[in-house]
Amino acid sequence: MRYLIIDDEHIAHKIIMEYCEMLPHMKLQKNCYSALEALEYLNSHQVDLIFLDINMPKLKGFEFLKTLSAPPKVIVTTAYSEFAIEGYELNVSDYLLKPFSFERFLKAVNKVMGSNTKSKNNSSEEKDTATKRIFLRQNKSYIQVEVATILFIEAAGNYTKVVAEDETITIREKISDILESLPSDNFIQVHKSFAVAIKYINRIDGNRIYIQDHTIPIGKLYKANLINILN
């Protein structure tokens, strides 16, 4: 994922770059210290993601964003919470308040990768595969998982189990947060504690879904939605 940093503070560039260096799919294209510098760069280059500060001299972050006819994905990085609503009206992918942790940063990047999975076409199999990976934190480790291998997700108290073909990863996140990082046309929540990959469903029998050797319950509130999607 080719990214651009637009921020007038050098320390902000340093933090974002250090975080991105921990993720092998991220590639820095340029450090821009003003929105005007970024505009000049984008006139002749393309990027997949912009990390955008709001409060910059001459041209503010959102004013810059409004000048782009086809903006890439944008993650706002700012110390000002009061502009969050305006950011989402401009369809930014996420809004990070400084100082933000690596865990919060990772969640934002995963959200962008999930949305890219929905919009990318299949003209390049290699590129398409790269957008279908997410990083999950298990204890102090960050594990890269191919979305295509995930069978189902299970909420377990304060944790969530991500069950893939070859491994089960237990993370300290809500099931709803994980679903935000996954392509919505591939996964469906079937119970307050379970979401499944549609392609791995072997059969549905009454209020049970069978995926390989696993049996997943169907909640009453979710059954109608499941039937509608399958139809």
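Helices here are DSSP runs of H or I with at least four residues, numbered from the N terminus. With that in hand, helix H5 is residues 102-119, and Asn110 lies in it. The model on screen is predicted.

**Whole chain**

Start with the protein chain shown as a cartoon. It contains eight helices and 15 strands. The radius of gyration is 19 Å, close to the 17 Å that the globule rule gives for 231 residues, so the chain is as compact as a globular protein of that length.

Switch to a surface. The protein chain exposes about 12,600 Å², with carbon and sulfur atoms supplying 47% of it. Of the 231 residues, 44% count as buried. Colour by charge next: there are 28 positive and 29 negative side chains, and the centres of the two sets lie 4 Å apart. As for contacts between residues at least 6 apart in sequence, 50% join residues at least 24 apart.

**Residues 2-113**

Select residues 2-113. An unreviewed UniProt entry annotates this span as "domain: Response regulatory". The span is 39% helix and 22% strand, and its end C-alpha atoms lie 12 Å apart.

**Asp53**

Within the selection, pick Asp53. The unreviewed UniProt entry lists Asp53 under "modified residue: 4-aspartylphosphate". Look for Asp53 in the loop between strand E3 (49-52) and helix H3 (61-66). Is Asp53 buried or exposed? Its relative accessibility is 4%, under the 20% cut-off, so Asp53 counts as buried.

Now show what touches Asp53. Leaving aside neighbours within four places in sequence, the contacts of Asp53 are Ile6, Asp7, Asp8, Gly61, Thr77, Thr78 and Lys98.

**Lys58**

Stay in the loop between E3 and H3, and select Lys58. Lys58 is exposed, because its relative accessible area is 80%. Its phi is near 70°, a positive value in a residue other than glycine. Most residues other than glycine have a negative phi.

**Lys98 and Pro99**

The peptide bond from Lys98 to Pro99 is cis, with omega near -5°. Most peptide bonds are trans. Pro99 sits in the loop between strand E5 (94-97) and H5.

**Asn110**

Follow the chain into H5 and select Asn110. Asn110 counts as buried because its relative accessibility is 5%. Which residues does Asn110 contact, leaving aside its neighbours within four places in sequence? They are Ile134, Phe135 and Ser181.

**Gln212**

Move to the loop between strand E14 (208-211) and strand E15 (214-217), where Gln212 is found. The phi of Gln212 is near 50°, a positive value in a residue other than glycine. At a relative accessible area of 44%, Gln212 is partly exposed.

**Asn225**

Finish in helix H8 (residues 220-230) and select Asn225. Asn225 has 39% relative accessibility, so it counts as partly exposed. Asn225 and Val190 are 35 residues apart in sequence, and the line spans 8.3 Å in space.

Methods:
Residues are numbered from 1 along each chain as its sequence is written. Side-chain values use heavy atoms; hydrogens and water are left out. Helices (H or I, at least four residues) and strands (E, at least two) are DSSP runs, numbered from the N terminus. The radius of gyration is taken over C-alpha atoms; the globule rule is 2.2 Å times the number of residues to the power 0.38. Buried means under 20% relative accessible area, exposed over 50%, partly exposed in between (1.4 Å probe, protein chains only). Contact means heavy atoms within 4.5 Å. Accessible areas come from the Shrake-Rupley method with a 1.4 Å probe; for residues, only the protein chains shown count as cover. Lys and Arg count as positive and Asp and Glu as negative; His and the chain ends are not counted. The place of a charge is taken as NZ of Lys, CZ of Arg, CG of Asp or CD of Glu. UniProt positions are given in the numbering used here, feature names are shortened, and annotations may be inferred rather than shown by experiment.
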